[in-house]
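Hi,

Here is the structure I promised to pass on. Have a look at it first, then read my notes below.

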Amino acid sequence: MILWAHQYPEWGWLLPMLFGAVGARLAIQMVRNLAPEASGSGIPHLKAVILGLRSMRWQRILPVKFIGGALAIGAGLGLGREGPTVQMGGAVGEAVSRWFKVTPRHRQTLIAAGGGAGLAAAFNAPLAGLVFVVEEIQRDFTPHVFGAAFVAAMTADVITRSFTGQLPVFHVPAYTPPSLLAMPAFLALGVCAGVLGVAFNRALLTTLDLYARWGDRLARFRRWPVQLGGGLVGAAIGLLAWFIPTAVGSGHVLAEAVLDGSVGLAAIPLWFGIRFGLTMVSYGCGAPGGIFTPLLVLGALIGLGAGELTHLLMPQMVYQPAAFTVVGMAAYFAAIVRAPLTGIVLIVEMTNSYQQMLALLVACFSAYLVADALGDLPIYEVLLDRDLRRSGEMTDLQGTLTLELIVQANAPFAGKLVKELGLPPGCIVVTRRQGLHETVPTANTRLEAGDRLTVVIAPHANAAVPLLWDGCASAHSPPQSKTISAPPDAESMTS
């Protein structure tokens, strides 16, 4: 459409603006009216469902996420399709669990396996889908979870490849393995990715808060619908697409150019700024779409910039600056999502490039540690907490929950007696495990860093969930795994 419209420069620029405005507004209107939980990537909602904190209305999520995501991404918003496929995969898992009337525990497993299958289908990366389930979605390495996620991801990948072919998502030239002398440069790349990853997370949360305040103000005036913000964003992106078509959308075309080393060093900050801002406004407006591909594009730009600078300063150390792009993608993913193993496996499968494995390990874990040292939390953990607090849906849960948490170093609960934790009635600390030694705590038991607690929470004491999470977590340590068993009657959960 843009190519055709350029034949009529006097008025052709209005077409992409109109297309973007209509597509974005329709997508946001579908989400708000039919399935508010389908906004954004949907991964925080999927995590909340698996944790037993929200319900899964799969009959609504599937059509709204599919159609709304196609409208939003097709309209040029800087979003990816991978988050939506993860949520839709989880919705399919929910549907299957209803059809076969499985137990609540197996229902959780099917939802998590469906989410991993969605990621595998989106990226042609079955191992990444499996690792994403055990590292990020469910964080459970039991045999039935591992087996279900493995079979689901493998099946999804086989079906996807039968339709789209077996080529990797990104076409990467055959780079030679970097020398050991270049490892400090990859370490510096990881540090840079960690700092910029923290900036990404905080900017995204700030953008969401700004949109929320603006939406609350518009809601006071009925003649000004909340979807107006999405329409304006779509129109602005359409105008940008008239001048720079490569800049809009998920950014796959731009990523291919960066991986080929076709972007000059001077243009990297400009591209990074455009894509960074585009991702913020696109996700903040509430349209259905994910941040996977957008953050990978940003990571590729960071990697190429680091490679070009290293080659400029020490040409004998780096012969192929573009080789840093693959490492930058994984490092930025690890800094933002805080799932380094998923990032490494995902990039290796997507690019079919195994020569950079040592560089990937160095950069990803340095990015992880830097982001953690700066006190930043994983983006999906923060988005989940934000959604639950804004909606108040933790108070709507029915059914008993069982949590397993680890008291982190410098956590508020470390050094306190059980009776001093301020837990509400109906919340009971059942067991306390120190290494291989397990005891039943009393009111006078003093908790220590490293204690693994098993807590049972009654339906009326759901306010204890955020209290326990905050009390066991440290501001200077990565968020812990939280294993929660589903309520006995999953049908009773309401959103």
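Which residue takes a positive phi just after α15? That is Asn352, with a phi of about 55°.

Two things to know before you go on. This is a predicted model, where local features need pLDDT of at least 70 and side-chain atom pairs count only at pLDDT 80 or more, while totals for chains, interfaces and linings use all residues. Residues are numbered from 1 along each chain as its sequence is written, and side-chain values use heavy atoms, leaving out hydrogens and water.

Now the rings. Rings of Phe, Tyr and Trp (its six-membered ring) pair if their centres lie within 6.5 Å; planes under 30 degrees apart are stacked, over 60 edge-to-face, and the rest tilted. That rule gives 13 aromatic pairs. One of them is Trp4 with Tyr8, tilted, at 5.2 Å centre to centre and 55° between the planes. Phe200 and Tyr332 are edge-to-face because their planes sit at 80°, with centres 6.2 Å apart. Phe200 lies in α9 and Tyr332 in α14, so this pair ties together parts 132 residues apart in sequence. Both residues are buried.

Cheers

Methods. Helix = DSSP H or I, 4+ residues; strand = E, 2+ residues; numbered from the N terminus. Buried < 20%, exposed > 50% of the residue type's maximum accessible area, 1.4 Å probe, protein only.
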